[in-house]
Amino acid sequence: MDSIIVTGNGPLSGQIPIAGAKNACLTLMPATLLSEEPLTLTNAPRLSDIKTMTSLLQSLGAEVTSLQDGQVIAMSSHNIDNDTAHYDIVRKMRASNLVLGPMLARLGRAIVSLPGGCAIGARPMDLHVAALEAMGAEIELKDGYLHAKAPGGLKGAVHELRFASVGATENTVMAATLAKGTTVLRNAAREPEIVDLVRCLRKMGAQIEGEGTSEIVIQGVDRLHGATHPVVTDRIELGTYMIAPAIAGGEVECLGGRMELVTAFAEKLDEAGISVEETEKGLKVARRNDRVRAVNVKTEVFPGFPTDLQAQMMALMCTAEGESVLDETIFENRFMHAPELIRMGADIEVHGGQARVRGVARLKGAPVMATDLRASVSLILAGLAAEGETKVARVYHLDRGYENLVRKLRGVGAHIERVADE
Ligand code: UD1
């Protein structure tokens with residue numbers, strides 16, 4: 001297993017290209033199951049999660065080919081011969097559950113393992129199940145697997161999600177594209193990745209309105225056809241690299257970044273004393289003062305502050321002037337980076353879903369490790385601002401969601417390298 005060593009080295013300067021969104025790609029890929037014709041994605045990120053989804057789709061009988069060094073994914077699902085998403089794959093990645101809706105719509109049946117415990121909380125699937133049942137699916141839990149069937153096909157329904165879950169919205173929208181009649185999904189999630197999914201489905205012939213609002217209306221059609229679609233920019237990778245100059249000082253232009261993807265986050269950065277400016281090529285981020293100011297943050301569904309940027313924001317707040325309070329409202333157990341940041345000299349107290357961070361003048365490098373993707377990257381960011389060397393172990397978490405992390409940060413002057421552990 002590899003580690004990453006980062007040494008605090010002062011201000012950063014230069015440009016970082018932002019890749020296509022992991023979370024968008026992970027929902028666009030299962031959309032291939034809805035059609036017999038090819039679906040091709042461009043601007044795909046090169047990540048281990050994408051490889052996991054590739055293996056899952058292949059295990060179901062889809063053909064998935066990676067082209068142009070992984071930036072293009074060509075898929076064809078003309079021959080789906082297996083209806084089971086096995087635990088071995090699903091346990092690696094919760095997003096595997098996004099095959100449930102498409103398989104049910106295409107085959108009238110699907111057997112999908114429940115993802116099981118996950119480092120950042122229980123993450124059940126009750127909302128997915130309730131929405132699909134409203135469309136006529138019969139779903140039961142047997143041996144850790146959801147056994148779903150819709151013998152007479154799925155039927156359009158009016159359904160309100162109890163919580164605006166991203167995954168449940170995606171599964172329901174995909175399933176509804178081939179259902180008989182009209183589906184009205186209320187309290188739908190509004191994340192940009194859902195807007196991207198709907199745009200792709202529309203290219204495939206789906207009739208959908210209201211993406212980006214809390215009510216999505218889907219008129220079922222008999223069949224979907226092939227399409228080519230570019231994956232939207234990764235707003236979480238974007239936000240992560242926006243923190244780099246905020247925490248280390250300097251100025252970095254994030255290429256491909258767009259303000260509407262990170263509005264709530266950029267507002268918090270501005271409040272903390274970080275300027276974010278739109279340029280022709282992306283977003284230019286610079287720290288205005290020597291130290292950032294403490295700000296309070298509450299994670300919320302989009303368009304609120306994203307939970308996937310909470311750990312990175314906490315790293316920034318560790319070096320801020322004053323005290324900040326971070327409220328995590330989306331996941332119940334998402335402060336596992338706090339004890340590691342404390343090992344680097346941070347002053348943090350966690351009580352339930354709330355963390356109180358008193359900024360310190362300087363963090364100190366330390367060997368650390370994290371248990372999830374965003375927590376791991378928050379330690380890299382903290383390392384950029386720390387005195388001495390920070391060694392982040394369990395790099396496979398980072399490989400799930402950040403392509404070329406070392407190369408991208410080196411490109412703006414960071415002292416960072418990947419080493420193989422003995
Ligand atoms: C997606 C993102 C993830 C992000 C999250 C919230 C992907 C691949 N992953 O995950 O990076 O952190 O959105 O923005 O896109 N819940 C239930 N029952 C359900 C489904 C969810 O109670 O049936 C709960 C979860 O436990 C969690 C909350 O709802 O507390 C949010 O989950 P959800 O929006 O579904 O997140 P994911 O789609 O899993």
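Which residues does Asn 296 touch, not counting residues up to four places away in sequence?

**Entry 1: ground rules.** I am working with a predicted model, where local features need pLDDT of at least 70, side-chain atom pairs count only at pLDDT 80 or more, and totals for chains, interfaces and linings use all residues. Residues are numbered from 1 along each chain as its sequence is written, and side-chain values use heavy atoms, with hydrogens and water left out.

**Entry 2: Asn 296.** I found that Asn 296 touches Lys 268, Glu 323, Ser 324 and Val 325; contact means heavy atoms within 4.5 Å. The side chain of Asn 296 comes to 2.8 Å from the backbone nitrogen of Val 325. I placed Asn 296 in the loop between strand S17 (282–287) and S18. Helices (H or I, at least four residues) and strands (E, at least two) are DSSP runs, numbered from the N terminus. Asn 296 is partly exposed, at 43% relative accessible area; buried is under 20%, exposed over 50%, and partly exposed in between (1.4 Å probe, protein chains only).

**Entry 3: backbone angles.** Most residues other than glycine have a negative phi, and most peptide bonds are trans. I looked up Asp 69, where phi is positive, near 55°. Asp 69 sits in the loop between strand S4 (63–67) and strand S5 (72–76), and is exposed at 64% relative accessibility. Asp 143 also has a positive phi, near 50°. I located Asp 143 between strand S8 (138–142) and strand S9 (145–149), in the loop; Asp 143 is exposed at 75%.

**Entry 4: a cis bond.** I noted a cis peptide bond between Phe 302 and Pro 303, with omega about 10°. Pro 303 belongs to the loop between strand S18 (297–298) and helix H10 (310–317).

Definitions and conventions. Polar contact = N/O pair within 3.5 Å; in protein donor to acceptor, adjacent residues only side chain to side chain.
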